[in-house]
Structures are given as structure tokens and as C-alpha cells.
Amino acid sequence: MVSTIPNSNSLIESQLRPEIRKMQPLLVEWRRHLHQRPELGFKEHLTAKFIAQKLQEWGIEHQTGIANTGIVATINSNKPGRVLAIRADLDALPIQELNDVPYRSIHNGVMHACGHDGHTAIALGTAHYLATHPENFSGIVKIIFQPAEEGPGGSKPMIEAGVLKNPDVDAIIGLHLWNNLPLGTLGVRSGALMAASERFNCTILGKGGHGAMPHQTIDSIVVAAQVINALQTIVSRNISPIDSAVVTIGQLNAGRAFNVIANTARMAGTVRYFNLDYQNYFSKQMEQIISGICASYGANYELNYQPLYPPLINNPKVTDIVRSVAELIVETPAGVIPECQTMGAEDMSFFLQEVPGCYFFLGSANSEKGLAYPHHHPRFDFDETALGIGVEMFIRCTEKFSIQE
């Protein structure tokens, strides 16, 4: 991994084409406009309006109102070729921003704490460049502005609305600004990059009573404790040590008084894994474990298990294109980091189930500027130099994709 962060100005001067260098102030302006006006999933009306106004101003064909607030821009080179899609997400998070910056969120309790404002600005910059330089590529580029990545997931309804059709998309790429990597690096990995995300809610139904008379009760808290411990054996004793998986209990609620045995105990958690073979596996194992423990104590239970996003799997051929471009932009292979997997999840995975593609990480942290807080933190921010690098990545990937079979 690159341990030192290049000077922002030198990075822009040395790596980006002149047109994108000139665009950098606009990218920052667009990103900060969006950052001040964050919106939650499927409520990105101001964001969608801003995007549509820009696309209309530039004369770019686009369709609005897809999956409520989604937009697809279509840029035709008027030369025969394949169709490449580029995806950016729009939504923010229910977090109160703590940054003291001029572009701080003006929407109370809502914040762009994951970089989606930057993703949208990068996609807009890419659209503008491609529309004004159609001679640099062949075929068609669809730019997909997707709502609700943070939940409940906007990619699936956009796919169902036909965004990958008419014309049919041959490949798709996307990026995530990534504060887990320093500015000047790119995380590019073939195969599984991000994990599946599944959630569950379980209520243990016991029999309450006096804390001094446990023999008259079925203690839901004791049962829940046994369940929590046993659920950890799904990974430690059923999943191959070569595979990565996580079962996390994030919530546990039971009881209201110190001397009362709780009638019910409620828990909720998440499951993460990379291997597609484990789809449907965890829910069955969890049902067996909870059922068996409850039966042994005479308790009942209610389990609600929800698969959310599948693992995000990058296509090797498309990833090779992205990697080759990344190595040019960051100059040395040391700046391209293949071991960048995360147990975080992304609904870009649904797009990648439909067409081959690559999702990659764009290093955006700069600890020297205090821009290294993690994603979903109320002080999250990133080095905006990464915006121009993101546009350059998308443009070069488009150009290389259009000349390869």
C-alpha cells in the first residue's frame, strides 16, 4: 500500500488530462451543493432535479423518475460499438453532521456520510466530458443515477424498470470513494469485493414471572443468551476456515425491571459472507439452532430473516480493463491495491448479477488534512482531489472498453 499521500495539486497536474483539470473546481462545486442538501433513499428529489437540470443544460438525453427518483443519461458517440453503463448512487444517511464546514448539511439529521455526493459529482463530470468528446469513444454510455443504495436498495427496482435494456448494456462499472485507502491509491479486485448483507429479527417467547421464583417461568433472557452463543458456531464450526463470514447480533432488548423475569427477548443482527454457495444457508442453520434451543427450554420463537444484497462479484475481464487504467493513473502498481475486500455490502451487486462489470474503490482519505474519518461517521469527509481522479478513471475505462472486444 502507498504510505504517503501525493500533493493534491501535483496529483491533478500529473495524472489528469487538461479538460478534467479545468473541471475540478466545478466537481467540487457540484459535490458541495449536493452535500448541503442530502436526502434519504427514494426521497432524493432535490438531488434528481439538480442532475436533470445539468443534463438538460448540456443537451444530454436522459430519463427521469425511474424507481421514483432515479435517472438514466444516454450518451451516443454515433459510432458503432458496445454499450457501457456507469453507475452512481444518490442517497444520504440519517446522521446529524458534526463537520464545521461551509458546505455542512442544511437538512437536520441527514448527512452525506458515505461519499455518494462525490459519486454523483463524478458521474456528472463524466457525462459532461463524454458528451463534449464523442470522438474519443465508440458505442453508447448509459450513466445510471441510482437512488436508495443505503436501503432499501434502488438498483433492483431500476433493473426491473429496464435500465439495462434498450439498448442492452454489455458491461457496467462503478466506484466508491473509500476513506479506508489514502488519496492516490485505487482498490481493484477481481471476484468477490464486497459481502452479502442479510438481516434477521428474532423474538424469544418465554413465560415471565418473579425474579425470585424462576422455576415458575421460562426465562427468555437465558434462552436468548444460549441462542446468541450458539449462533456463533455457524461460522466457527460450519463454515470453511478458508471462507470469510460473520454473524453479528447488533440489538438485544428484554425486560423492564430488575426483579422481573422477562416474558420476551428480542434480538436483531446481520450476516455477511462472500461465497455465493452460502445463499440460503445461514437462514436454515439459524432456524435449526433457535428451534432446538427453544424446544429444550420450553420456549417459542418468531424469526424473520431477510436477504438484502448478494455478494458483489467483479467480472475478471472487465476488472482487467479497470486495473490497467488504474495502473496508468496512479503510475505505479503499488498504488493499485488488490487486497481491498470488505464485509460491507453494496446493491451494485444486483447490477453485476445481470451484466459483467467491475466496482472499485477510489482512495479518498488524507490524514494530513484531517480527512480520514470512516464512512457513516458524523465527521466523515474526503479529499476532493479524488473527484477528478474518479472522472479520469471513468473516461479512460470508457475509451479502453470501446476499443476492446
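Analyst: Happy to! Helices here are DSSP runs of H or I with at least four residues, strands are E runs of at least two, and both are numbered from the N terminus. This is a predicted model, where local features need pLDDT of at least 70 and side-chain atom pairs count only at pLDDT 80 or more, while totals for chains, interfaces and linings use all residues. Residues are numbered from 1 along each chain as its sequence is written, and side-chain values use heavy atoms, with hydrogens and water left out.

User: Which residues of helix 3 are buried?

Analyst: Thr47, Ala48, Phe50, Ile51, Ala52, Lys54 and Leu55 are. Buried means under 20% relative accessible area, exposed over 50%, and partly exposed in between (1.4 Å probe, protein chains only). Their cover includes helix 2 (18–36), strand 1 (61–66), strand 2 (70–76), helix 4 and strand 4 (140–146), where contact means heavy atoms within 4.5 Å.

User: What makes the buried residues of helix 8 lie on the same side?

Analyst: The residues in question are Phe282, Gln285, Met286, Ile289, Ile290, Ile293 and Cys294. They cover an arc of only 150° around the axis, so they fall on the same side of helix 8; the arc is taken from the directions from the helix axis to the C-beta atoms. An α-helix has 3.6 residues a turn, so residues three or four places apart point the same way. On the other side of helix 8, Lys284, Gln288 and Ala295 are exposed. Among the elements covering the buried residues are strand 8 (196–205), helix 6 (220–231) and strand 13 (300–309).

User: Why is asparagine 280 called exposed?

Analyst: Its relative accessibility is 51%, which is over the 50% limit, so asparagine 280 counts as exposed. Asparagine 280 sits in the loop between strand 12 and helix 8 and has a positive phi of about 75° although it is not a glycine. Alanine 148 is another non-glycine residue with a positive phi, near 60°. Its place is the loop between strand 4 and helix 5, and alanine 148 is buried because its relative accessible area is 0%. Most residues other than glycine have a negative phi, and most peptide bonds are trans.

User: Which peptide bond from a glycine to a proline is cis?

Analyst: The bond from glycine 151 to proline 152, with omega near 5°. Proline 152 also belongs to the loop between strand 4 and helix 5 (155–160). A cis bond joins asparagine 166 and proline 167 as well, with omega about 0°.

User: What makes aspartate 117 buried?

Analyst: A relative accessible area of 0%, which is under 20%. Aspartate 117 is in helix 4 (residues 116–132) and touches Arg31, Leu34, His35, His112 and Phe382, leaving out residues up to four places away in sequence. By contrast, aspartate 100 is exposed, because its value is 75%.

User: Which domains does the domain assignment give?

Analyst: Domain 1 (8–194 + 311–403) and domain 2 (196–309), with bounds from an automatic or database assignment. Their C-alpha centres lie 38 Å apart, and the contact takes 21 residues from domain 1 and 12 residues from domain 2. The domains bury about 1100 Å² between them, 70% of it on carbon and sulfur atoms; buried area is the accessible area (1.4 Å probe) that two parts lose on being put together, summed over both. Pro311, Met343 and Ala345 supply 56% of the area that domain 1 buries against domain 2, more than any other three residues.
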